Amino acid sequence: MSTRLAKQGRLIDRSKQVTFTFNGTTMRGYEGDTLASALLANDQMMMGRSFKYHRPRGVVASGAEEPNALVGLGEGTRFEPNQRATTTELFDGLKAASQNHWPNLDFDIGAVNTYLSRFLPAGFYYKMFIHPAPFWKHVYEPIIRRSAGLGKAPDKELVDADTYEHFHVHTDVLVIGGGVAGLQAAKVAASSGARVLLIEQTAHWGGRAPVDGGTIDGLSPDEWVSRTVAELEAMDNVTLRARTMGAGVYDHGYALGYERVADHTPGVPGPRHRLWRIRAKQIVSATGAIERPLSFAGNDVPGVMLAGAMRDYVVNWGVTPGQRVVVATNNDDAYRTAIILKKAGVDVLRILDARKEGGGALADEARALGIRVDPGKAIAKVKGGKRVRKISICNQDGVGGAREEVEADAVAMSGGWSPVVHMWSHCGGKLIWDRANAHFRPDPDRPPLGADGKGFVLAAGSANGPLALDQVMADADAAGKAAAKAAGFTPKRTKAPEGAAEGENAMEAVWLMPANAEIQLRMKSWLDFQNDVKVSDVQLAAREGYESVEHTKRYTTLGMATDQGKLSNINGLAILADALNADIPQVGTTTFRPPYTPISMGAIGGEARGEVFQPVRKTPIYDWSNANGADWEPVGQWRRPFAYVRPGESVHDAVNREVRNTRENLGLLDASTLGKLIVKGPDAGKFLDMLYTNMMSTLKPGKCRYGLMCSENGFLIDDGVVARIDEDTFLCHTTTGGAERIHGHMEEWLQTEWWDWKVYVANVTEQYAQIAVVGPKARKVLEKLNAKAGGGMDLSAEALPFMEWRDGRIGEFDARAYRISFSGELSYEIAVPASQGLAFWEALVDAGKEFGVMPYGTETLHILRAEKGFIMIGDETDGTVIPQDLGLGWAISKKKDDYLGKRAQERSHMADRDRWKLVGLESVDGSVLPDGAYAVGEGVNANGQRNMIGRVTSTYYSANLGRGIAMGLIQHGPDRMGEIVEFPGTDGKTYKAKIVDPVFYDKEGAKQNV
Amino acid sequence: MSEPVSALMGAAYDGIVRVEECGLQGMITLRGDLASSRVIAAATGASGQQMPGQRRANVTGQSGLCWMSPDELLVLVPHAKVGDKLAAMTKTLGDAHSLAVDVSDARAMFRVSGANAREVMAKLAPVDFAPGAFGPGDFRRSRLAQVAGAFWMEEDGSFCIICFRSVADYVFKLLKVAAQPGSAVGVF
Amino acid sequence: MLILNCPYCGVDADETELAAGGEAHLKRFGPGSSDDELHDYLFTRENPKGVHLERWRHASGCGKWFHAARCTATLEVFGTYKAQVSGPPQEIRDAISAKRPGWSWREFS
């Protein structure tokens, strides 16, 4: 059984007991435990089931590389699936639940898959679900969807209770990994004066060294670590951050740090996770190494564990995973586990050393402690279901026969160590195969390149290949100095600390145990624990022709689980290389992609959730509208009232009321969102002549002109009214969505093409609240304001005619009044400073009462303009429409030699008489045509679909006309007045409409010009 | 005349820093050749401040000059005086090719102050706010999360932020989230 | 996540402050040009693996357009320069030549 030892446990505080639950059972642990160590201390060997076969699984590692021990953590608004027990710090009240089983962990229906495993080999899904085709939708997909998914998704009705944030930080040197190598690299880099940021994914400094032993400068690793951390903490130019994982390295020295601020203290005020967005001149990757499993039959039975992890549990948390342990290894390092277990009072039955020559000094030490060491021996098979029961032992160089069996409850395995090369590789660093250590390590000659074309990542310590403490310290010291130098600092000439540890014999690559294991064993030898990929699956893929490691990965799902193959990749590609009869470096590795381990969606989103999920732009009238029934419509980032809905009214009713009232009495529209750009300079007229299709330079001060803008491709991009303020100055109105875009468009042409033209542009959109006062009584309400407060602006038809503007005072407000109309009614658009916008609006509402004033929203705006046949950018245009399509030829100057889009409009396709052109559409039965519906003509196209001859671009119910009205683009439309066209709807009905003139209301324009 | 109001009418929040909307501030965008004597005279005359260097702000109280780009200054003057100042500037500028325009009401202004001010800023803008990298009088145009913003440091521990008026509410809420209790990073 | 130095305000701008603007030094063809010239102006773009000259705007910053000489394969930046030119200035060409001898891009080398 696994249990807490009486002594040991450098990370736990035995005076502080904490209580937690696992699958509802209350358990106890200590402060400093991880969930994994606490579960082991409670003899909870089995922690979950695997994804595909639902096999019982226990913890296999002790850190971020853990593939098996995934749990659902927390509950309700703080529930999160797929959390690694090994990286979850224990706290009082923690609630965890195991995954991938039903009805419970011990008895699971899905485990039947394991008995079907011979029928579920690699590529099973690809082969099985392809025939018969109709089965996919109704049989296969529903079944797969039910069984798919790792863990349980959080309740979709609940909202995450926590907050998250980003943090931008710049540093000269970023050191990722706070083991002894990272600490040393940070120390020497910092002593050069460079700004250093050191991040460590766990809550503790020092990494593996305190567990693995040896000495640094004569001190125990623990002593050296505390001394060095104290030194670093005392330096102003150093920032140390624990619980912060290096998640990814990106171009130009960008890196992400994932800080788990409050995972261990849920409910404490402050963000749960913080995403550090780091810009570093140099990055030192001191991320250590990860131990590889050995591939033998039953290597996934709970109780089989990495040798390094097993001694972590003993030394760090005072927990032994078993009482009778067998060690299997191909290197000397695993002997340390045997020695530590033995010294802790655990029976170590055997050390099975696959190497015929066996180990060195550590082997002698083990033998001296009375441990039996068997060179050349291997595990043939581990027997047991939910925990290890027996071990069959065989010769490594055999097929798995001639077995001896021993009863044991845990296995420590070691297949050697692989450097964690992720930070090196994320941004393009290349690897070389180190035959002696049977691992890939960073190739110092091919680092990831920064903006200056030079390497910006250095690997240090075990992450760079060296595993022995003396080499690790020397390598880290050199890397820290090199990083400081590359960042522009002069490192001090100091001696590297001296690391000392027992000498080790060479390891020997063992990719399969025993070397020639028969198929029954290979079918139970796991490579990828989380995705249930076995040695036999990779071999099958090779037999079926998968030669590329990337293809094999996807076919077998090797390395595609949440652990991204941290334990399985090297073993898997060694098996593939062997099956292909190729060298490992020839087969190569799969691509390392960020993040290193999964990071929360909350951290990625940062502050952008809830009220600040995205910016909402508000006009000065926003709060008034909100209090007066506004039904909000998003227009870009603006919110505009769609309609002002009164109590008891539907939105549709409100729109009809507003539409009628504006034509009969008086309507107010908050038009503040319209873009307003000041264009000034001696060349302003010339500039606007290039930007607009019509002539702006001839406009007289005091007057307004409607203009169209096209892209160089000839297509309409914006429209609006231009007012000439004085000889040098124009004010250009843009659409609501166009203000920033057209401002940028103007700056682009001024800065990059016509930089010698004397023109300045300023965006004054938000300086003004602009209110459209619309309807037959518009003049009356304004004159009433003037009469009441002595405003001096003469608003008569003679003093301020249609398409002119004046500055002056209206009531008690400084205002600019434009006589322009987008409704066909008598209309003034009045701009006042935004700081007085609400006061002006309220004054109009108050004064307008006797005239039947009503505010109106964007839907009424749309209907009024559609009744008049006015186009709307984004409705009648979609990026493929030219002014000529819309009957706007009158707004295209024939006199100008050039304007943006002119040449493109001369192309043959633009002049094609078959282009769809704007017309009005009247449904035959008076109903409202479906928006976007296509008109169909005679015949069918090459795909057998009916030929399309046009589409509906705007469609509304007009309360003024008592019927549906629409605008549309129809082939030869203007030549087909009176014809009936058909529009098949998506509802199966066919709508019929008559082609008519697009101006439905007041065709003479009598109402606006009074 | 009706009383002008700022976007959030002086709203304030106390978290790990104090966040306050500063109320109305007169602002004039001045575009022109910053080496031209008329432009210099107009800018310094209106603000009473020296011309700022690249990415610098010279501000005292409600008067100041901020460097926006090689051909643009933001001239700060008391809100009530914008009309007079603008008229005077226009006169000084004369026929020098330039553009001076009132943008006071197009903007909102906030002050972020307290020991953690640098950190709160660094949560929202991709800028190096470390002491030594950003100091009093330094001015930057950048983004605050998803919107454009300009800011300068008044004295250590105090930033002024300018954003568009329409997003004043967004920026205020953003600053509140960044300044929430328990969120000090402890770096600067 | 590039960093490009804005030659107008001097900021080493994070890519999130910038907006990409496509190929640099396009020559505009307006009225009077042939269909082929117009077509190339509007649609034909360089897509090199290696040296590239492109436009960027310091959009969330000083608002200015500038040019960058960059390697599309390694993301090495040879230099940034102001937009008011119709070809890369000599010091930029020299900087590229120092790193990529024999380079050429459209009519420049």
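Biologist: What radius of gyration would a compact globule with 188 residues have, and what does chain B have?

Modeller: The radius of gyration is taken over C-alpha atoms, and the globule rule is 2.2 Å times the number of residues to the power 0.38. For 188 residues a compact globule would come out near 16 Å; chain B has 17 Å, which agrees. Along the principal axes, the C-alpha atoms of chain B fill a box of roughly 55 × 40 × 25 Å. This is a predicted model, in which local features need pLDDT of at least 70 and side-chain atom pairs count only at pLDDT 80 or more, while totals for chains, interfaces and linings use all residues. Residues are numbered from 1 along each chain as its sequence is written, and chains are lettered from A and ligands numbered from 1 in the order in which they are written.

Biologist: Which domains does the domain assignment of chain B give?

Modeller: Domain bounds come from an automatic or database domain assignment. In chain B these are domain 1 (12–23 + 106–178) and domain 2 (26–105). The centres of domain 1 and domain 2 of chain B, taken over C-alpha atoms, are 22 Å apart. Their contact (C-beta atoms, placed from the backbone, within 7 Å) takes nine residues from domain 1 of chain B and twelve residues from domain 2 of chain B. On the domain 1 side, strand 9 (residues 139–144) of chain B gives the largest share, three residues. By class, that side of domain 1 of chain B has three nonpolar, one polar and five charged residues. Here Ala, Val, Leu, Ile, Met, Phe, Trp, Tyr, Cys and Pro count as nonpolar, Asp, Glu, Lys and Arg as charged, and the others, Gly among them, as polar.

Biologist: How many helices and strands does chain B have?

Modeller: Helices (H or I, at least four residues) and strands (E, at least two) are DSSP runs, numbered from the N terminus. Chain B has four helices and eleven strands. Of the contacts in chain B with a separation of 6 or more, 61% join residues 24 or more positions apart.

Biologist: What share of the 188 residues in chain B do buried residues make up?

Modeller: A residue is buried if 20 or more other C-beta atoms lie within 10 Å of its own, exposed if 12 or fewer, and partly exposed in between. Buried residues make up 55% of the 188 residues in chain B. For chain C, with 109 residues, the figure is 37%.

Biologist: How does chain C read along the sequence?

Modeller: Chain C has two helices and six strands, in the pattern β-β-β-α-β-β-β-α. With 109 residues, a compact globule would have a radius of gyration near 13 Å, and the 14 Å of chain C agrees. The C-alpha trace of chain C spans about 40 × 35 × 25 Å along its principal axes. Where chain C meets chain B, the contact takes eleven residues from chain C and ten residues from chain B. The chain C side has three nonpolar, five polar and three charged residues.

Biologist: How many residues has the largest nonpolar core?

Modeller: In soluble globular proteins, nonpolar side chains tend to be buried together. A nonpolar core is a set of buried Ala, Val, Leu, Ile, Met, Phe, Trp, Tyr and Cys residues joined through C-beta atoms within 7 Å. The largest core here has 286 residues, and those with the most contacts inside it include Val173(A), Ile771(A) and Ile28(B). Helix 12 (residues 469–486) of chain A gives the largest share of this core, nine residues. At least three residues come from each of domain 1 and domain 2 of chain B.

Modeller: Most residues other than glycine have a negative phi, and most peptide bonds are trans. Arg243(A) has a positive phi of about 55° and sits in the loop between strand 12 (238–241) and strand 13 (244–250) of chain A. Arg243(A) counts as buried because 21 C-beta neighbours lie inside 10 Å. In chain B, Arg55(B) has a positive phi near 55°, in the loop between helix 1 (37–47) and strand 4 (57–60). The peptide bond from Met513(A) to Pro514(A) is cis, with omega near -10°, and the one from Pro594(A) to Pro595(A) is cis, with omega near -5°.

How values were computed:
Two residues are in contact if their C-beta atoms, placed from the backbone, lie within 7 Å.
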